[in-house]
Amino acid sequence: MADEGHRATLRRIQNEMFDLGADLATPGDDFAPNEMTLRIVQPQIERLEREIDAMNAGLSPLRSFILPGGGAGAAHLHLARTIVRRAERAAVAARRAVPLNPLALTYLNRLSDHLFVLARLVAAGGEGDILWEPGASRSAD
């Protein structure tokens, strides 16, 4: 991924993932951040949403599902997105047993969307999206 802006975004997200880990590792009933407890907060989610909107503004609308790919950088971002989706499902399941910060779950959801749109943006600068072709492999060729 050649764009330094994308690298800076991913570095910030990596740092926030450690914040998220600290949040999820500290279940409780009070989810307000304080000097002893690190919590995901609404401004972090709002920033992800603003970035999603900004990246989407430069992309053509989706008319089909896309397959992971579009170059190495885009493929890595698609892989990261699927890992975040898995983490989101695990956190939702864990919430049945212990109280978790609802904003942490929202952050995971928005982060997976962010990574999807970033993958599309990176692909647009290279090989482009790989569109799903429903039933394409059914023929006997």
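View 1. Glu4 is partly exposed, with a relative accessible area of 45%; here buried means under 20%, exposed over 50% and partly exposed in between, using a 1.4 Å probe and protein chains only. Its salt-bridge partner is Arg11, with the closest N and O atoms 2.7 Å apart. Arg11 is partly exposed too, at 46%. A salt bridge is counted when a side-chain nitrogen of Lys or Arg lies within 4 Å of a carboxyl oxygen of Asp or Glu, and by this rule the count comes to twelve.

A word on what you are looking at: this is a predicted model, in which local features need pLDDT of at least 70 and side-chain atom pairs count only at pLDDT 80 or more, while totals for chains, interfaces and linings use all residues. Residues are numbered from 1 along each chain as its sequence is written, and side-chain values use heavy atoms, leaving out hydrogens and water.

View 2. Helix H1 covers residues 4-24; helices (H or I, at least four residues) and strands (E, at least two) are DSSP runs numbered from the N terminus. From first to last C-alpha, its 21 residues reach 30 Å, close to the 30 Å expected at 1.5 Å a residue; the expected span is 1.5 Å times one less than the number of residues. Buried in H1 are His6, Thr9, Ile13, Glu16, Asp19, Leu20 and Asp23. Seen down the helix axis, these buried residues fall within an arc of 130°, so they line one face of H1; the arc is that of the directions from the axis to the C-beta atoms. Turned away from this buried side are the exposed residues Gln14 and Phe18. The buried residues pack against helix H2 (42-57) and helix H4 (102-124), where contact means heavy atoms within 4.5 Å.

**View 3. Glu51 meets two arginines.** The side chains of Glu51 and Arg12 form a salt bridge of 2.9 Å, N to O. This pair links distant parts of the chain, with Arg12 in helix H1 and Glu51 in helix H2, 39 residues apart. Arg12 is partly exposed, at 25% relative accessible area. Glu51 also forms a salt bridge with Arg47, whose closest N and O atoms are 3.3 Å apart. Arg47 and Glu51 are four residues apart in H2, so about one helical turn separates them. Arg47 counts as buried, at 14% relative accessibility.

**View 4. Helix H3 and its surroundings.** The end C-alpha atoms of H3 are 35 Å apart, which agrees with the 34 Å that its 24 residues should span at 1.5 Å a residue. Among its buried residues are Gly73, Leu77, Val84 and Glu88, and the buried residues of H3 pack against H1, strand S1 (66-67) and H4. Ala87, also in H3, is partly exposed at 33%. Glu88 belongs to a network of salt bridges with Glu49, Arg85, Arg110 and Asp113.

**View 5. A nonpolar surface patch.** Phe65, Leu67, Ile130 and Trp132 form a nonpolar patch with about 400 Å² of accessible area together. Trp132 sits in the segment after strand S2 (130-131) and is partly exposed, with a relative accessible area of 40%.

Conventions: Patches are made of residues with over 30% relative accessible area and no salt bridge: like charges are joined within 9 Å, nonpolar side chains (Val, Leu, Ile, Met, Phe, Trp, Tyr) within 5 Å. Accessible areas come from the Shrake-Rupley method with a 1.4 Å probe; for residues, only the protein chains shown count as cover.
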